[in-house]
Amino acid sequence: MPDALPGLFLGQSDAAQPENLLFNRANRHGVVAGATGTGKTVTLQIMAQGFSDAGVPVFCADVKGDLSGISQVGAPNEKLIARAAEMGLTLTPRAAPTVFWDLYGQKGHPIRTTVSEIGPVLMARMLNLNEVQEGVLTVVFHVADKEGLLLLDLDDLRSLLVYVGENAERIGREVGNVAPASIAAIQRALLQVEQQGGDAFFGEPALKLEDMIRVGLDGRGQVNVLDSTRLMNSPRLYAAFLLWLLSELFEQLPEVGDPEKPRLVFFFDEAHLLFNDAPRALLEKVEQVVRLIRSKGVGVYFVTQNPADIPDSVLAQLGNRIQHALRAYTPSEQKGLKAASQSFRANAAFDTAEAIQALGVGEALVSVLDEKGAPTIVARTKIRPPASRLGPATDTERAAVMAASPVRGLYEQVLNRESAAEILANRHSAADQAEIQAQVQAKAQAEADKAAAAQAKADQKAAEARAKAQAQAEARAAREAAKPARRSTRETPVEALTKSVLRTAGSTLTRELMRGLLGGLKRR
Ligand SMILES: Nc1ncnc2c1ncn2[C@@H]1O[C@H](COP(=O)(O)OP(=O)(O)O)[C@@H](O)[C@H]1O
Ligand SMILES: [Mg+2]
């Protein structure tokens, strides 16, 4: 098995040395950067397949559709075979064990989570809320958590927003202020996300991480490819989704320290979308998650055009670096180049900044962490060609991969169990019914009183005392008759509420909800 190798073969340096990414340093994160067309996606492809070969499951987003070729046996042309031979590599064409995912459920298995699980922080980011609106959303989640209302899909969230709006005064007293204008703004933002098809992402069955972190019987790690061709049109949804996945991994996986090889490697393509106009507080949390997830055995690799797209505090944690060619025409490009070159441990043989500009396609400057955890001297490296196909899989091939997938059928059918929307609707109708019955009762009572009074008046002259006593008795009888009925209608909504909360409690919310670093649900 290739996992006997100490590292993942990235390519060969111009000093004719193999450049290996050490598996036991792979959880120290990394970055793959470079201008468009310089070889980032292919590098991602050879890394994903290399990890898979070593028994490490991988998650990556396929932004343009070309990464899907990893699911197909490569058909290297002479040039590729020669390129491989140059680095002492015999290309054995083979596909990686791929599972396609798609938030929209079209080009992969659907991938969902619940609103409760994603939490207020990432939901606010997805909805592009301002600080005040985010505060209101936090109150809304708090109410749901406290009252045991499950938020599965966007319908649930909408119902809860209405409920919070209607009870703004009480909730304002008990939990926190909720301005109607903010509720309205959140409702509008929700509508927008829905119009972009984002509602498909919310609901059940929610993704189980075990279905991603799989190793096949042949010892190879599953390569999870998230088709993001459509998702890229909703960059905020894309960023929030990947952050959610990262935070789930963080919250759910146990500590392992520094393992022999990662438990999972997570590639974050178009990483600038994650950081673009993200609020400070969120950036700090992302930085924290990236730092801490290492000890859970997860390696995070950011793929982006320019390392300057990544905040310094995050960049500083990315130990394994692969820098493809950069242009440096505009001032901002020059700044990016400077940042990129300064981050490397210099090689006496060449000037780093010059080398970055002179790199050919499929070449990169590489520096990885050595056994001691120190960065190696930067080396000009020809990246190896992939064993899987260079270029996209066809729709037919994709369908065949999906039909043979180990997760086939697990997520296709949407579940809709009772959650906030239904509970609140029931509560509403129960309350309405109670009100109607109370009115009917009051009317009957009034009529009975009136009749009794008329009766009393008519009989007054004949037998005043007796008639009066009788009328009182009748009235009392009428009231007694009305009483039990009235009491039971008053109890109905309470009963309904208790029942629904109990049902909910029986399904998931067995104890008070705890939220993790990025606001997602904690399970331990
Ligand atoms: N390691 C490599 N081996 C062989 N060819 C490569 C390699 N890297 C890049 N190429 C060639 O360059 C093209 C563009 O690379 P790609 O990874 O798609 O660039 P980017 O993702 O940076 O836009 C590929 O389609 C392929 O033909
Ligand atoms: Mg690309």
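This is a predicted model: local features need pLDDT of at least 70, side-chain atom pairs count only at pLDDT 80 or more; totals for chains, interfaces and linings use all residues.
Two elements each give two or more residues to the shell around ligand 1: α1 (40-53) and α2 (78-86). Also described here is Phe 141, a residue of helix α4.

**Shell of ligand 1**
- The ligand is surrounded by 16 residues.
- The closest of these residues are Gly 37, Gly 39, Lys 40, Thr 41 and Val 42.
- Helix α1 supplies the largest share of the shell, with three residues.

- An oxygen atom of ligand 1 lies 2.6 Å from a backbone N or O atom of Gly 37.
- For Ile 383, a backbone N or O atom is placed 3.2 Å from a nitrogen atom of ligand 1.
- A polar backbone atom of Arg 384 is 3.2 Å from a nitrogen atom of ligand 1.
- Ligand 1 exposes 560 Å² when taken alone, and the protein buries 76% of that.

**Phe 141**
- Helix α4, which holds Phe 141, covers residues 131-147.
- Phe 141 counts as buried because its relative accessibility is 2%, and the cut-off for buried is under 20%.
- Leaving out residues up to four places away in sequence, Phe 141 touches Val 115, Ser 116, Gly 119, Pro 120, Met 123, Leu 151 and Arg 515.
- Phe 141 and Leu 161 are 20 residues apart along the chain, and their C-alpha atoms are separated by 9.5 Å.

How values were computed
Residues are numbered from 1 along each chain as its sequence is written. Chains are lettered from A and ligands numbered from 1 in the order in which they are written. Side-chain values use heavy atoms; hydrogens and water are left out. Helices (H or I, at least four residues) and strands (E, at least two) are DSSP runs, numbered from the N terminus. Buried means under 20% relative accessible area, exposed over 50%, partly exposed in between (1.4 Å probe, protein chains only). Contact means heavy atoms within 4.5 Å. A residue is near a molecule or strand if one of its heavy atoms lies within 4 Å of it. A polar contact is a pair of N or O atoms within 3.5 Å; within protein, one must be able to donate a hydrogen and the other to accept it, and residues adjacent in sequence count only if both atoms are side-chain atoms. Accessible areas come from the Shrake-Rupley method with a 1.4 Å probe; for residues, only the protein chains shown count as cover.
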